[in-house]
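Subject: Structure for your review

Dear colleague,

Please find below the structure that I am handing over to you. My notes on it follow directly after.

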Amino acid sequence: MKFLLSGNLHGGSVVASYPYDDSPTHKPTGVYSKSADDEVFKYLAKAYASHHPIMRTGKPNCPGEEGETFPEGITNGAQWYDVEGGMQDYNYVWADCFEITLELSCCKYPMTSELQQEWENNRESLLSFIEKVHIGVKGFVRDAVTKAGLENATIVVAGIAHNITAGRYGDFHRLLVPGTYNVTAVVMGYTPLTRENIEVKEGDATEVDFFLQPTAMAPNLTQLTATPAPASTIASTVVQAEAPSPTSLHQPIQPVDFRHHHFSDMEIFLRRYANEFPNITRLYSAGKSVELRELYVMEISDNPGVHEAGEPEFKYIGNMHGNEVVGRELLLNLIEYLCKNFGTDPEVTDLVRSTRIHIMPSMNPDGYEKSQEGDRGGTVGRNNSNNYDLNRNFPDQFFQVADPPQPETLAVMSWLKTYPFVLSANLHGGSLVVNYPYDDDEQGMAIYSKSPDDAVFQQLALSYSKENKKMYQGSPCKDMYPNEYFPHGITNGAQWYNVPGGMQDWNYLNTNCFEVTIELGCVKYPNAEELPRYWEQNRRSLLQFMKQVHRGVWGFVLDATDGRGILNATISVAEINHPVTTYNDGDYWRLLVQGTYKITASARGYNPVTKMVTVDSEDAVQVNFTLKRTDAKVEEGKVPVLNIPDTSDPNEKEFETLIKDLSAENGVEHLLLSSSGKVSPYRYRPYKDLSEFLRGLYLNYPHITNLSSLGQSVEFRQIWSLEISNKPNQSEPEEPKIRFVAGIHGNAPVGTELLLTLAEFLCMNYKKNAAVTKLIDRTRIVIVPSLNPDGREIAQERGCTSKIGQTNAHGKDLDTDFTGTQEPETKAIENLILKQDFSLSVALDGGSLLVTYPYDKPVQTVENKETLKHLASVYANNHPSMHLGQPGCPNKSDENVPGGVIRGSEWHSHLGSMKDFSVTFGHCPEITVYTSCCYFPSAGQLPGLWAEHSRSLLSMLVEVHKGVHGFVQDKSGKAISKAVIVLNESLRVCTKEGGYFHVLLAPGLHNINAIADGYQQKHMQVLVRHDAPSSVFIVFDMENKIFGLPRELVVTVAGASMSALILTACIIWCVCSIKSNRHKDGFHRLRQHHDDYEDEIRMMSTGSKKSLLSHEFQDETDTEEETLYSSKH
């Protein structure tokens, strides 16, 4: 980066100091050491000092230096005191940057309470100084003929003995104070040009451009610097891509860069074209070689970095054998040819617009560096740096490959799994022929080994050989192999010679890609002067072969319900035993020769569809399939299938689209590329630094972060938890919540640094990157970066296998402590887990390169296994090499973990793990990511580890929004919390406050049972998609059962029981009434015999009063009945 102006902020006085800082005599003080731009530096220093209320007085009055004065608040550095080796002088002398040193306060480390005043003192000065970057003269130095910018042109100002140089585009900016100047531009090979009496005024720079005449005209210079025409000027009609005739008015621009490119030269070449043609190129790396050279790939497309639905993807690979170099150089020539002719040549323009082209010039850069020019048929440099033949290193269908998988092989396998390649060629040397699958057979003999697509492969091979006259003749290397003959320049691989472990067969058998191997010449490393001839022989072949990607059939497989593409649907062609699968948007490509075919599209959960298709010899035929779900016709009594995203709200629709975009190929990668403020870990942070870093995030981003302590370690270090959300520390039950935990083993701190970097990345991009902003607004992210800070403090960097620091201060492995008696660290995280409000948890550990899912304890069956495995696979598949299943750790070099995913108990079985506790008691799926083979790799490896894991970590933020989101209420609209949602008769979750629930599930159909007290049970099915959330809205009816019995039966029984009770009461009343009448009649007779029974009457009267008192609280009915009875007598 080329800086123009700089300020270096210090403390200890209040003054602006300018160069030079020292003098030739190095006298301690008092020597004015004047630079050539002394007037400019004084001008800049005054610009700062004049706006500072203390500095402009020239009297800082610093304690101990009360008499020190600086006129106008500025000073020459050496005059103040001599500073040898100062930064401001280095900037001026060596970097074209004008820098001054600003002493801001007498106190070097003032109290926090004084910072506000310091800001007020310096605010205007800082802004004024920044504005001065615009003074002086600026412009461009260009070639007068081509108008191209002239990099490193020298700008000379008369009378000032300090020159500056122009930038890479010929741009320059020279700081000058107001005045009149003569300025000269000088470039080797050009006539210098002076512009006189240039007036520089106060304020913005005066613009001055220089157009220099070359001292000698170079041949075809205009051709060499040709640039593409704007896309808007290109006709939109599709042009048939035929070879232009020799008499055509338009002649494509041919490459001129014919030389052997060693790695550094090739790297510069690729970067140059990526920089010069950014609208159609993207340079990326598919991985690294043994010696850590990048396996560069140049993508060429009209929309680089994006898979356009329906557009096929093509690749060329060169230099697999390091000493076979022609392919490497041809592919560099091809890159130059495509870039320079896009927009002007119809054939190239059509090809780039309709195809996504990937070109890997060198798969074996290490071997190339060992090989030697002039090698005809040798082997020096053929193999990689581990001395393995890469074209014998791929998994084979017939034989077990004994050699360990090499980094280059693993990288290419990962690359092929990442992109939906349709067609490919692998460029070799040593003969002149196109070789097609299979490369070997079951017997290991040199016999014809026919693939199911033999006819297609023959057509592909012929499309290349026909355009290469010498190849097509079939007798290529008569002086070396006089008896060798290939009819029409093509051959079946195994018939030529047996090659187990070849790349082309692996392509065909493990991806949707058809690949052939092209031998480009008899000499493996020809002299450089022969390279133009190779280009001329192969130019048409290279282009014609690429066009074959547009043969056969292509189209989309769509869901009949919502019209969306179906991922991984299968396209089968009758009588050809080689199905292909659809990509993210349901798009597919199937190469076929001319003919009529019976083609079937099928997908899990859908009814297959078959069509008869006629393929001609021209462009591919588009054939779309619309599949109906197997449960699409819901008959009475059958379970409804639900997949009802809430798209009524535009914001919901927009977010659903974002999740789909981020789920697409390279979706997260595009997010990373479009993010602002690149972050990368570069050192390890011990506990104190970690705490300060987290506190810094909290203080700098208070609106989206909340920092809290979950508890303390044995040695009283805090277990920090950082929440990132648009409403931190507030309850939002409708939003999914994800937990990241690292450092359960203190000797594996990579996860800690990855999570700290993730946190900073999210905070820096909030309100800067739309995708990150929406993810934070819709997600509650909790990061626990170091669960075992005590162990981390004693762990040792570069301790790849060391167990020091693995346990806590009590010597306890915390990942075995989620049982009864517990350590303080375990209790701290348990409290967080037991809140039961997380949808997903990701734990980061070290010691391998894979992902484990529950359970760590040995169990017979794993509930929800498919979902747990799916979540682990999402992480592994977004990692460049983890999903290949070959961790390649030194102590376990032969370890093989299919897909990079394994159940914990099948890898390292143990009890009391955090992930098992999370699933069992927290009702939250948790996966454990092992970030690298080395527990504690060197800090220098951290940037690379972040680059490898960043996409996977961000993919978890996307994945947590998928699965099933639901809302439960009754018919009155009342939300029902604590309802039980049973999924697939096993997994149980409860609705949160507000009736919300969320559960992650693997893509496919799932059964849901919803249960709540007092309501009828609900049963349904939901289709979970791979790229979007599925929403369900459950409305409960009142329970139709009482005490477990049908409501009608209970009501009938209750009614009958009530009738029986009433009848019984009537009978009792009648009996009581009869007894009461008899009693009252006796009473009358006693009164008639008053004289004889006086004592008895008194006693009866007393008893009657007691009777009345005893019925004091009788109900009204009883009282009325007695009254009526008395009146009758």
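Cys62 has a relative accessible area of 4% and is therefore buried. Please bear in mind that the model is a predicted one. The partner of Cys62 in a disulfide is Cys106, at an S to S distance of 2.0 Å. Cys106 is partly exposed, its relative accessibility being 26%. The torsion about the S-S bond of Cys62 and Cys106 is about -75 degrees, so this disulfide is left-handed. Distant parts of the chain are linked here, 44 residues apart: Cys62 belongs to the loop between helix H1 (38-49) and strand S3 (74-76), and Cys106 to the loop between strand S4 (98-103) and helix H4 (115-131).

In total, four disulfides are found in the structure. Counting bonded cysteines along the chain, their pattern is 1-2, 3-4, 5-8, 6-7.

Another of them is formed by Cys477 and Cys522, with sulfur atoms 1.8 Å apart. This link is left-handed, with -95 degrees about the S-S bond. Cys477 lies in the loop between helix H12 (469-473) and strand S19 (490-492) and Cys522 in the loop between strand S20 (514-521) and helix H15 (531-547), so parts 45 residues apart in sequence are tied together. Cys477 and Cys522 are both buried.

Cys889 and Cys933 are also joined by a disulfide (S to S 2.1 Å), and the link of Cys889 and Cys933 is left-handed, at -80 degrees about the S-S bond. Cys889 is buried, with 1% relative accessible area, whereas Cys933 is partly exposed at 23%.

Phe394 is in the loop between helix H9 (365-370) and helix H10 (407-418), while Trp506 is in helix H14 (residues 503-510), 112 residues apart. Phe394 is buried at 0% relative accessibility, and Trp506 is buried at 5%. Phe761 and Trp946 make a tilted pair as well, 6.4 Å centre to centre with 55 degrees between the planes. Phe761 lies in helix H19 (residues 750-765) and Trp946 in helix H26 (residues 942-959), so this pair ties together parts 185 residues apart in sequence. Both Phe761 and Trp946 are buried.

Trp94, in helix H3 (residues 87-95), is exposed, with a relative accessible area of 66%.

Yours sincerely

Key:
Residues are numbered from 1 along each chain as its sequence is written. This is a predicted model: local features need pLDDT of at least 70, side-chain atom pairs count only at pLDDT 80 or more; totals for chains, interfaces and linings use all residues. Side-chain values use heavy atoms; hydrogens and water are left out. Helices (H or I, at least four residues) and strands (E, at least two) are DSSP runs, numbered from the N terminus. Buried means under 20% relative accessible area, exposed over 50%, partly exposed in between (1.4 Å probe, protein chains only). Rings of Phe, Tyr and Trp (its six-membered ring) pair if their centres lie within 6.5 Å; planes under 30 degrees apart count as stacked, over 60 as edge-to-face and the rest as tilted. A disulfide is a pair of cysteine sulfur atoms within 2.5 Å.
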